[in-house]
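This report describes a structure in plain terms for a reader at the start of their studies. Please keep the sequence and the three-dimensional view at hand while reading.

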Amino acid sequence: MSANHERCQKAAEKEMTAQPPNAPRILYPYAPVILLLLAAAPLGFGCGVFWALGALLLAAVSLMTVRRLASETGKGAGQEWLLDEGLLQAQKLAAIGQLSAGVAHEINNPLAIIRQESQWMQTLLKTDHFQGFEEAGELRDSLGVIIQQVDRCKAITHNLLDFARKRQPVIQALAVNRLVEDMARLVDKEAQQKKIQIIKHLAPDLPPIYSDAPQLRQVFLNILNNATYAIQKSGQVTITTRPAGQDFLEIIISDSGPGIAPEDLPRIFDPFFTTKPPGQGTGLGLSICHGIIEKLGGRITVASQAGQGAAFTISLPIKPQDRKL
Amino acid sequence: MSPKVLLVDDEERFRTTLSKLLKAHGLEVTDLGSGREALEELRKKAYDVIVLDVRMPEMDGIAVLGEIKKINPLLEVIILTGHASMDAATKIMWLGAYEFLLKPCPVEDLLDKIESAYERKTTREAKKREEGD
């Protein structure tokens, strides 16, 4: 063993037995022994040497026990300390995620008040009382700018919430049909208003899959929202679930919208790529969906012909994927 | 006939201004600051649509929604909150909320949702009456 290796090993041993900064410390480890000796001293003088020796023996045993306890506690805490170092990074990331979600949520409420007060002022400006008021037009413009900027802040808070959702998947057994139905229910109201029919062909005997429910919900909701947006008014969104071999199952969401132009198809999952008019989409939705499905060990593809709608196929593994998670 | 709307939000300024805006659009609106007050009010007076916040002291919107549906399952509830999560939204929709809106939300969007929620309530009530006959 080289001297260098030995030094390293000794340093590692020292580190393992060293008191970590946050380890529980035993304050004054010899205090009980001293107290016992003090208590035993008068007994020794009063009742003879036999009692004094007995007290000293007891003190020695106490001393050994306390030292052993102190050493064991230090060792255990030291090992935890090293393990904690590994977890610290993950905890930091989770904390940043929580913080940004918290900030986003807290900002939404004051933003709502600013927007509402501006809208109320706009309503007041429309009343007869302000009709002859020379600067009314300018005030209306200013209020319009305030509302625009509030909506801009709203987009920022929503992006922060998206960041908070970029976390490690939490894998559990789940029923895909149930998740699909949950999300279809969320978009159903808006679809009805636009006269869009949501048709479901859900295979009844699908096995449960091991995946992350909140992240899959996000993906399904995003694709369903895109589908209803693409159709605009009157049409159909069809959701199909089916087994795909022994190890995978598929969820296909297709719409009767105008479809995706051939030149746009290769870029559809690229970040910041959007076919929506400026201000109506960030171009991040499908990119996030793609990332989530890849992380869950699955695959997402799109097929479309201009004028004939689009179909997104999500293929998910039934068993957890160790490689990706 | 305009719908009777009960607005429940613990943020006073938000509640009172939204109430004024909805009234300016011809709706009959009562605004209250807590879930408990809202439930007491609903036991005394008939409403069509409830606009409900989620994060409130004492009793949160999810618990209030559950109680509202016990009082009258035909009452339509629109959730209007600054604190959104996919899990909460799913839970709320399964509890029977009509819509889930995230603050800040244009008053026009809320008006649309109130109108369609009111339509749904009147349709369901008419259907129930027919079934009763």
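## The interface between the chains

Chain B and chain A bury about 2900 Å² between them, and 58% of this area lies on carbon and sulfur atoms. Buried area here is the accessible area, taken with a 1.4 Å probe, that two parts lose on being put together, summed over both. The size of an interface is often given in this way, as the accessible area lost when the parts come together. The model is predicted: local features need pLDDT of at least 70, side-chain atom pairs count only at pLDDT 80 or more, and totals for chains, interfaces and linings use all residues. Residues are numbered from 1 along each chain as its sequence is written, chains are lettered from A and ligands numbered from 1 in the order in which they are written, and side-chain values use heavy atoms, with hydrogens and water left out.

In terms of contacts (heavy atoms within 4.5 Å), 31 residues of chain B meet 27 residues of chain A. Between the two chains, 11 residue pairs are in polar contact, both residues being at pLDDT 80 or more. A polar contact is a pair of N or O atoms within 3.5 Å; within protein, one must be able to donate a hydrogen and the other to accept it, and residues adjacent in sequence count only if both atoms are side-chain atoms.

## Which parts of chain B take part

Four elements of chain B, α1 (12–24), α4 (86–94), β5 (99–102) and α5 (107–132), each supply at least two residues of the side that touches chain A. Helices (H or I, at least four residues) and strands (E, at least two) are DSSP runs, numbered from the N terminus. The largest share of this side, seven residues, comes from α1(B). By type, the residues of the side of chain B that touches chain A divide into 16 nonpolar, six polar and nine charged. For this division, Ala, Val, Leu, Ile, Met, Phe, Trp, Tyr, Cys and Pro count as nonpolar, Asp, Glu, Lys and Arg as charged, and the others, Gly among them, as polar.

Two salt bridges are found across the interface of chain B and chain A. A salt bridge is a side-chain nitrogen of Lys or Arg within 4 Å of a carboxyl oxygen of Asp or Glu. Arg13(B) forms a salt bridge with Glu117(A), with 2.9 Å between the closest N and O atoms.

## The two chains compared

Chain B has five helices and five strands, which follow the pattern β-α-β-α-β-α-β-α-β-α along the sequence. Of its 133 residues, 56% are buried; buried means under 20% relative accessible area, exposed over 50%, and partly exposed in between (1.4 Å probe, protein chains only).

Chain A contains seven helices and seven strands, in the order α-α-α-α-β-α-β-β-α-β-β-α-β-β. Buried residues make up 34% of the 325 residues in chain A. Among contacts in chain A between residues at least 6 apart in sequence, 73% join residues at least 24 apart.

## Salt bridges within the chains

Over all chains, the structure holds 17 salt bridges. One of them joins Glu181(A) and Lys200(A) at 4.0 Å, N to O. This pair links distant parts of the chain, with Glu181(A) in helix α5 (residues 176–193) and Lys200(A) in strand β2 (residues 196–202) of chain A, 19 residues apart.

In chain B, the side chains of Lys121(B) and Glu125(B) meet in a salt bridge of 2.8 Å, N to O. Because they are four residues apart in helix α5 of chain B, Lys121(B) and Glu125(B) are separated by about one helical turn. Lys121(B) is buried, at 4% relative accessible area, whereas Glu125(B) is partly exposed, at 23%. Asp9(B), Asp53(B) and Lys103(B) are linked in a network of salt bridges.

## Aromatic pairs

The structure holds two aromatic pairs over all chains. Rings of Phe, Tyr and Trp (its six-membered ring) pair if their centres lie within 6.5 Å; planes under 30 degrees apart count as stacked, over 60 as edge-to-face and the rest as tilted. Phe130(A) and Phe133(A) form an edge-to-face pair, 6.1 Å centre to centre with 70° between the planes.

Phe269(A) and Phe312(A) are also edge-to-face, at 6.2 Å centre to centre and 80° between the planes. Phe269(A) lies in the loop between β5 (248–255) and α7 (285–295) of chain A, and Phe312(A) in strand β7 (residues 310–317), so the pair ties together parts that are 43 residues apart in sequence. Phe269(A) is buried at 18% relative accessibility, and Phe312(A) is buried at 6%.
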